[in-house]
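Please keep the sequence and the model in view while reading.

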Amino acid sequence: MKKIVMTGLLILVAFFGLNAQGYEVGDEAANFKLKNVNGEMVSLFDYKDATKGAIVIFTCNHCPYAIAYEDRIIELDKFFSAKGYPVIAINPNDPELAPEDSYEKMITRAKEKGFTFPYLFDETQEVYKMYGAKRTPHVYLLSRVDKDFVVSYIGTIDDNYKDASAVKKQYLRDAVLALLDGNKPNPNFTKAIGCTIKDKEYKK
Amino acid sequence: MKKLNLLFFFVFINFTTSFSQEFEVYDDFTEFEFLLNQQDNKIYVINFWATWCRPCVKEMPAFNQLYENFQDKDVEILLVSMDFGKNLQNRIASFKSNHNIKSKIIILDDPDSNSWIDKVSSDWSGAIPATLIYSKSKREFFEREFEYKELENELKKFL
């Protein structure tokens, strides 16, 4: 009997342990409502351009990988927004730890680069934890199934952060194109080197 | 005469490149991979970092101290820089002298990181800093920032 209880406990622990790590492909994404650089609140579920889904990217101002991808993120938004998959960028960092990622500096950066997409501030750092984002940039591609947003791809934008012209595999672009064709992205999960999310609770 | 000039030219080129190439650059992970699988009696501490990565810079003194305390105990520390871009060698050289680093530094510059992150550890999301400690019989991976005591405690499990 004791053994059964212990096994049950272990399974429970494993289950919640896994859940704490955020979304996996196939999970339904919860709504978020965060402040955009223009002062307005943006909510995923009410975002008008997201007719087929959304490309949610956790990114920031200071990280060299994030900076290297800025132009490519703008291009992706320009290309996919009209097709029903707009980019929604979210800065998950605590500005006390990364002063370049303050709300004011986000506004400046969005203007300088001419971001065509919302750039939201995850001030309470709850959204990135809910998603399970581990680094910047970190992409969660969501596709709409009726009213729900289903996580369809998690990972990186492509296989060369340094040089956009040397990219061989455009993981994110191919994933959105697959969804538009009614297929499942393959691969639906990739990794990349990135900056840790700056959080005072991080592994302490 | 022309030949001689050419000879001088090549000697000069060789001289300048060998002088400025202070840190080995691996632009292909497959050539770097053996450094994660050395089968001798040493303990290897491999830290993935970058000069611009704030938590990496913050934990660098812990690795310096580890070097001081364990250099005569068959412990090898390898600092694998993920830096990229202009003046790579100079940036790392000045970082090395400013932070008084004595451990070996190399540069891993293979941008297709999705193809190799799992080969370092399947537990690695890709965020830096990250540290791998291994011997021929044991292997532990940490995606976190270290204080000295914590790092020493992890290393001591291998001794």
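β10(A) pairs in the parallel sense with strand β5 (residues 127-128) of chain B, over two bridges. Strands pair if DSSP finds at least two bridges between them; strands themselves are DSSP runs of E of at least two residues, helices are runs of H or I of at least four residues, and both are numbered from the N terminus. Within this pairing, A:C195 has B:I128 of β5(B) as its bridge partner.

This is a predicted model, in which local features need pLDDT of at least 70 and side-chain atom pairs count only at pLDDT 80 or more, while totals for chains, interfaces and linings use all residues. Residues are numbered from 1 along each chain as its sequence is written, and chains are lettered from A and ligands numbered from 1 in the order in which they are written.

Between the two chains, 16 residues of chain A are in contact with 17 residues of chain B, where contact means C-beta atoms, placed from the backbone, within 7 Å. On the chain A side, β10(A) gives the largest share, three residues. By class, that side has five nonpolar, five polar and six charged residues. Here Ala, Val, Leu, Ile, Met, Phe, Trp, Tyr, Cys and Pro count as nonpolar, Asp, Glu, Lys and Arg as charged, and the others, Gly among them, as polar.

Chain A as a whole has five helices and 10 strands. Of its 204 residues, 40% are buried; a residue is buried with 20 or more other C-beta atoms within 10 Å of its own, exposed with 12 or fewer, and partly exposed in between, the C-beta atoms being placed from the backbone. Among contacts in chain A between residues at least 6 apart in sequence, 72% join residues at least 24 apart.

Most residues other than glycine have a negative phi, and most peptide bonds are trans. A:P137 sits in the loop between β7 (135-136) and β8 (138-145) of chain A. Another cis peptide bond joins A:N186 and A:P187, with omega about 5°, and A:P187 is in the loop between α5 (171-180) and β10 (194-196) of chain A.

A:Q125, in the loop between β6 (119-121) and α4 (126-131) of chain A, has a positive phi near 60°. This residue is partly exposed, with 17 other C-beta atoms within 10 Å. A:D146 also has a positive phi, near 55°, and lies in the loop between β8 and β9 (148-155) of chain A. A:D146 counts as exposed because 5 C-beta neighbours lie inside 10 Å.
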